[in-house]
Amino acid sequence: MSLQPIQDPGLPTHVHRKADTDPKAAKRAEQQVALLFLTSALGTILFIFSYVGIPQDQLIFLPILGTTNAHQLFLGLGLAISLFFIGMGAVHWAKTLMPDHEVVDVRKEQRSKDEDRAAFVATIKEQGATAGLGRRTLIKRTLGLSLGLAGLSPLLMLRDCSAELPGDELAQTNWRAGTRLLTDPGDRPIKPGDLEVGAVAQVLPLLPAGRKRTLNDIAKDALLLIRIRPEEFNLDTERLSWTYQGIIAFSKICSHMGCAVALYEQSTKHLLCPCHQSTFDVTRAAKVIFGPAARPLPQLPISVDSEGYLVASAPFNEAVGPSYWERDSE
Amino acid sequence: MKARERAAGAVANYLDERTGAAKWMKKTLTKVFPDHWSFMLGEIVLYSFIILLLSGTFLTFWFDPSMREVEYEGSYEPLEGVHMSAAYASTLHISFDVRGGLLMRQIHHWAALIFLAAMVAHLLRVFFTGAFRKPREMNWIIGVGLLTLGIVEGFLGYSLPDDLLSGTGIRIAEAIMQAIPVVGSYLSYFVFGGAFPGELFIPRIYTAHVLLIPGIFLALITAHLMLVWYQKHTQYPGPGRTEKNVVGYPLLPVYMAKAGGFFFIVFGFTAFLGAVAQINPIWVYGPYTPAQIGAGSQPDWYMGWLDGLVRMSPPIETHALGYTISWNILIPGLIIPGILFTLMALYPFIESWMTGDKREHHLLDRPRNNPNRTAIGAMALTFVLVTLINGGNDLLAVHFDLSINQIMWFSRIGVFVLPPIAFVVTKRICLALQRADREMVLHGKEMGRLVMLPHGEFIEVHEPLSPQKAYQLTSHEQLPALAAPETDERGVALPKGIRQRMKARWSRAASEQVAKPTVEELKEIEHH
């Protein structure tokens with residue numbers, strides 16, 4: 001213990017409140033508490049009135065709040081008043097009228113007395129010995145084994161949380177060679193002429209007849225179609241051959257964490273993911289130029305079919321979306 | 001005896017004859033609780049938990065935790081005929097077709113935000129006053145567990161409506177799962193029941209959100225409060241308050257009235273927010289589809305620091321032998337939060353190892369009187385603040401007309417540079433405040449009154465402190481640094497291991513103080 005240079009002067013002397021000595025002040029405090037409780041009662045009445053009296057679609061204009069739903073607003077205000085003032089009343093009551101003498105209680109060390117601790121250890125040893133846990137090692141070991149094995153069963157039970165295992169499904173999409181590109185929304189096939197220079201479109205693959213599109217499909221198939229002037233591309237010959245008349249197609253699912261890469265800046269030809277601001281350069285095959293994404297967006301080779309509609313000329317050559325352990329990214 | 005008293009007596013008699021509770025109740029009802037505004041922070045957490053249970057139960061009466069596709073036919077016209085999940089449609093139903101439904105949704109969401117904010121504030125109070133020291137380390141760990149669960153519970157909660165924003169959050173959570181080496185894609189498949197998004201995760205997280213996690217919460221909160229009760233509350237130092245006593249108000253009636261009243265105040269305030277402050281307007285976002293997103297997508301604030309870490313991460317992935325490791329997700333999404341929360345949970349033990357202090361403590365520290373701890377806290381807080389700022393970098397860029405790239409680079413550098421600066425500055429401020437306390441005790445309070453002496457000299461009149469105030473400023477203890485042991489008990493020289501040296505170094509840092517006035521110094525002053 002370090003030295004205390006000034007001795008403890010002890011608890012300060014108790015100062016009486018006005019209401020403790022002056023009956024008039026006490027009466028006033030009582031009335032204030034009653035007023036607070038009454039305000040709460042009025043709040044409940046407002047609450048009931050709003051519930052039955054204000055139509056649910058009634059709008060009201062208020063400064064600051066703007067146009068807002070009157071039913072929900074007054075219901076809420078009624079509830080707030082009714083609860084808040086019960087609390088205020090109780091606290092005011094406690095502060096003005098209930099005894100305000102501070103009380104001192106002793107505090108004992110948490111540690112038990114030495115003899116209790118010794119007795120406790122002795123009991124454990126004694127009771128443990130009667131069970132023979134220390135002696136009967138065979139029982140001890142087999143019990144350990146059975147408990148350990150039993151612990152596996154709940155884990156096994158979780159196996160059917162998913163009927164299918166990943167396999168190579170994460171690397172598959174519905175894009176095949178010859179799959180038509182459909183507008184989303186609208187589900188119409190697109191011709192190159194439908195897309196002006198500078199335009200962006202979201203497209204999805206035409207699915208085999210009778211197959212309904214699910215969110216699982218969209219989560220992997222979503223594609224961005226961007227048209228720029230062909231001379232603006234800065235691509236190698238292979239990647240250039242994957243474009244068609246300045247139209248280039250990228251997976252819309254971010255290679256970082258799977259958000260939709262939805263923001264396209266026409267002037268810089270950059271794609272930006274709103275989740276974590278990874279920025280991709282469209283002219284350089286969606287090369288990452290800023291942010292946490294480590295890989296470009298996968299590019300889909302496109303061309304036109306015999307009727308002049310845009311189609312995929314091959315599937316994606318890599319998995320779309322965020323990385324995972326088995327993903328071959330080399 | 002009045003009839004009322006007789007009735008009360010009969011009830012008490014009935015209960016005591018069956019439980020023998022009278023003795024315990026007598027002690028309990030007069031149990032002493034120290035009073036201080038900062039002790040209310042934990043209460044706010046408890047009360048918002050109750051508000052969450054009440055408002056959440058109301059919401060479950062209509063919420064349909066299903067991903068079945070339905071066509072919307074409710075009264076919100078802009079979405080008329082749109083295909084969406086039953087979860088989203090039922091959330092719209094609660095918002096537009098159940099009387100008071102929107103109010104309850106907003107109260108529930110606000111209560112969740114307050115729940116977590118109050119938890120963090122309570123944690124900071126406990127940390128900076130040293131309330132986590134022996135014998136309360138276990139309660140500190142329970143608290144860290146509650147905070148972790150609270151973050152998860154909040155995230156699951158705002159994911160349930162299956163709107164565009166929350167679905168995006170789930171997608172990110174899926175990417176974090178997938179990034180775990182070896183088992184990632186399997187883990188994600190087991191959670192989602194197959195490929196993302198599937199049709200199972202809303203019912204699954206619903207069970208976790210309304211049953212599993214609240215159940216664990218209830219158990220942990222009970223344990224947390226029982227320990228507070230059993231170990232008795234800590235108190236701030238001051239005249240008459242010692243390590244051996246508790247000074248405060250008895251449970252009945254004062255504390256009960258104040259605490260009970262405070263519950264209603266918190267509930268009333270939350271209801272007020274629910275009435276006037278719109279939050280999570282899911283009808284604006286639209287139903288979830290993986291191909292769309294809103295600009296300025298933001299998680300709730302308690303996830304913001306994690307998102308900020310992910311945003312500032314450099315683009316590093318390892319590609320080798322046909323496998324991929326996403327360091328850009330693993331490090332900010334799992335490794336750093338894991339290290340942070342582990343260090344936080346272990347802090348009571350780290351501090352006691354540093355200072356060699358293994359005694360019980362029931363008197364709280366003023367933050368300035370433990371400069372090292374306060375500086376460590378400021379360092380951690382600065383780290384989280386920088387990451388939180390980066391989590392809102394897109395909004396900051398828009399509102400303050402800044403470049404997102406610059407904010408990102410500020411955060412990337414700041415997250416390394418600013419926390420150590422915060423440590424040093426905070427420590428110096430604490431020491432300066434100690435020095436000011438010391439001056440005040442020795443020379444009294446400056447009164448701002450100048451007096452000219454007959455020979456022309458000006459002096460400022462100082463007023464001596466009251467004995468109470470002087471005691472308060474000098475009663476804290478100042479532990480000396482641990483000496484690194486040089487020889488063992490038999491006198492053989494010890495090789496100064498790196499651990500010993502580190503401990504001595506840390507102990508020296510932890511014991512850096514401005515010496516408080518000594519008895520001699522005070523005596524000397526008196527003679528003047």
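Helix H3 of chain A and helix H10 of chain B cross with a left-handed sense, meaning that the near helix is turned anticlockwise from the far one by less than a right angle. This is a predicted model, in which local features need pLDDT of at least 70, side-chain atom pairs count only at pLDDT 80 or more, and totals for chains, interfaces and linings use all residues. Residues are numbered from 1 along each chain as its sequence is written, with chains lettered from A and ligands numbered from 1 in the order in which they are written.

The contact between the chains takes 83 residues from chain A and 96 residues from chain B, where two residues touch if their C-beta atoms, placed from the backbone, lie within 7 Å. On the side of chain A that touches chain B, H3(A) gives the most, with 17 residues. By class, that side of chain A has 52 nonpolar, 17 polar and 14 charged residues.

Elsewhere, helix H1 of chain B runs over residues 3-19. At 1.5 Å a residue its 17 residues should span 24 Å, and the end C-alpha atoms are 24 Å apart, so the two values agree. After H1(B) comes B:Gly20, whose phi is positive, near 65°.

Definitions and conventions:
Helix = DSSP H or I, 4+ residues; strand = E, 2+ residues; numbered from the N terminus. Expected span 1.5 Å × (residues − 1). Nonpolar A, V, L, I, M, F, W, Y, C, P; charged D, E, K, R; others polar.
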